[in-house]
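Let's walk through this model together, one local feature at a time. Keep the viewer open and follow along.

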Amino acid sequence: MDQQLVVRVQGGDQRAFEALVVADQPRLYRLAYGVLRDLQLAEDATQQALLDIWRDVGRLRDPAKYEGWSYRLLVRVCYAESRRQQEWASSQDLVSAAEPRAADVYGGIADRDQLERGFRRLSMDHRVVLAMRHLIGMTPDEVAAVLDLPRSTVYSRLQAAVKAMRAALEAEGRSATVALQRREAVR
Amino acid sequence: MNDEQMQSVLDEWFDDTDPQPPNVQRTASHVMSRVPQTRQRGRWLPFRLFRLNAPAAITTDTAKFQPSPIPATNDHTPTVIGRTQSMFSPAKAITAGAIVFAIGGVMLIAQPFQQQSTMPGAATDEGRAAPVEFSGTWFFGGAERLAPSETDGDPGTGRGGAWYLTGLSMTDARFGGEVTIFDNLDEYSDGHVVFGDAWRVENADGAWQSEPGYSVDFADGSNSGLTAVFHGEDGYAGLVAVVDMELVRSEGGDNQYWDLNGVIFDGDLPPEPEARSLP
């Protein structure tokens with residue numbers, strides 16, 4: 001991000017802010033969707049985060065730290081969205097959660113859906129660190145800095161989140177296998 | 001599946017499900033249409049999270065507000081812009097005194113001495129020393145972070161923060177000294193912040209420990225202020241201070257301070273009232 005642009009926005013320059021919105025929207029939307037897993041919620045969260053950036057950018061002491069700071073604002077909005085939206089109405093073309101379609105673990109649409117369901121069962125704390133680590137590609141130390149959390153907290157959340165995702169994947173794989181076996185037995 | 005395999009599965013899954021962002025011009029249009037109604041706030045307030053590299057402590061010593069001499073360069077005599085003299089003037093002092101006497105006179109007329117403390121059920125101050133008023137300021141300019149403010153997993157919360165303040169002024173020396181603020185806060189995405197604070201004041205003769213106090217930052221950045229109760233310890237044991245605290249924020253937020261007005265008295269607070277449903 002152009003630091004001069006950030007400085008101009010800090011000075012109240014609306015045209016500079018519009019340029020910042022255009023430049024920053026894809027980056028913020030990517031993380032918002034990665035955490036919220038809902039197209040509409042992610043768009044709403046991105047817009048709110050951009051407005052929060054406009055409102056609070058004067059408090060950013062070091063424009064060089066804009067990127068991490070803006071992620072932090074976005075994550076805060078995502079927390080608020082998740083509190084408001086207890087039940088996630090996905091606009092994704094998801095497979096029904098009631099019946100896994102196949103058991104081809106680690107590849108294919110069915111596994112993506114299993115991962116999706118597993119991810120949605122995670123707490124927001126776990127979603128955020130997982131998305132920052134695996135979607136944005138931040139190191140755990142960078143995640144800790146952005147979220148203002150101790151490193152140990154980030155590491156433990158990552159471990160717990162990965163463990164929960166693996167458990168969800170394996171459990172769904174097993175249940176899918178059982179469902180297929182039962183179906184074949186009926187035939 | 002081991003951890004490494006799971007990590008790569010997650011990398012791949014996030015990549016595969018990464019959507020196209022919505023039309024950026026539409027986003028820009030929506031956001032920019034709301035910008036005129038969204039007031040920009042000043043610098044991040046140190047009272048909230050104290051992340052500022054605090055500037056030097058602010059002092060009320062007016063002598064220190066005088067511009068320092070600037071050496072002449074290139075044969076030019078520099079021009080000092082701004083106030084170079086004290087704000088005090090005899091005319092202002094006389095005017096202020098007249099206003100104080102006028103207000104005092106009106107209050108005496110409104111409540112003659114013989115009618116004081118005659119309200120049914122009111123306690124009298126017979127046999128007790130009158131409360132002593134004081135005022136002062138706690139600046140945040142020299143705030144030093146003593147304990148980190150844990151976020152408790154939610155970036156909108158702060159827990160267990162502790163801050164040591166310097167650069168204080170106080171008209172009653174009993175309430176002067178070193179001040180430590182302990183704070184918890186919950187910040188909401190619309191800009192509201194709810195603070196829970198407690199203070200401890202220590203000096204050579206004793207200490208003051210506050211009861212928890214709560215205040216709110218409104219969405220426009222202003223603060224509700226609060227009235228805090230302090231209990232004396234050691235040399236001040238038995239004394240109570242009731243202090244109205246107003247948070248004053250300058251443009252930009254760097255020079256914010258608590259403006260204190262209160263009383264110190266020897267005795268107890270009135271009994272805690274109990275709210276109840278009346279028939």
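Asp234(B) sits in strand E9 (residues 226-234) of chain B; strands here are DSSP runs of E with at least two residues, helices are runs of H or I with at least four, and both are numbered from the N terminus. Its phi is near 55 degrees, a positive value in a residue other than glycine. Most residues other than glycine have a negative phi. Asp234(B) is also exposed, at 63% relative accessibility (buried means under 20% relative accessible area, exposed over 50%, partly exposed in between, with a 1.4 Å probe and protein chains only).

A word on the ground rules: this is a predicted model, where local features need pLDDT of at least 70, side-chain atom pairs count only at pLDDT 80 or more, and totals for chains, interfaces and linings use all residues. Residues are numbered from 1 along each chain as its sequence is written, chains are lettered from A and ligands numbered from 1 in the order in which they are written, and side-chain values use heavy atoms, leaving out hydrogens and water.

Chain A has a positive phi to look at too: Asp148(A), near 60 degrees. This residue belongs to the loop between helix H7 (140-147) and helix H8 (151-186) of chain A, and at 24% relative accessibility it counts as partly exposed.

Back in chain B, strand E8 (residues 213-217) has two faces: Gly213(B), Ser215(B) and Asp217(B) are on the covered one, Tyr214(B) and Val216(B) on the uncovered one. Strand E6 (residues 193-203) of chain B runs antiparallel to E8(B), joined by 5 bridges (two strands pair if DSSP finds at least two bridges between them). Opposite Ser215(B) you'll find Phe195(B).

Now for the charges. Over all chains there are 15 salt bridges, each a side-chain nitrogen of Lys or Arg within 4 Å of a carboxyl oxygen of Asp or Glu. One of them joins Asp56(A) and Arg55(A), with the closest N and O atoms 3.0 Å apart. Asp56(A) is buried at 1% relative accessibility, and Arg55(A) is buried at 8%.

Another pairs Arg157(A) with Asp125(A) at 3.7 Å between the closest N and O atoms. Arg157(A) is in helix H8 and Asp125(A) in helix H6 (residues 124-134) of chain A, so this contact ties together parts that are 32 residues apart in sequence.

In chain B, Asp186(B) and Arg159(B) meet at 2.8 Å, N to O.
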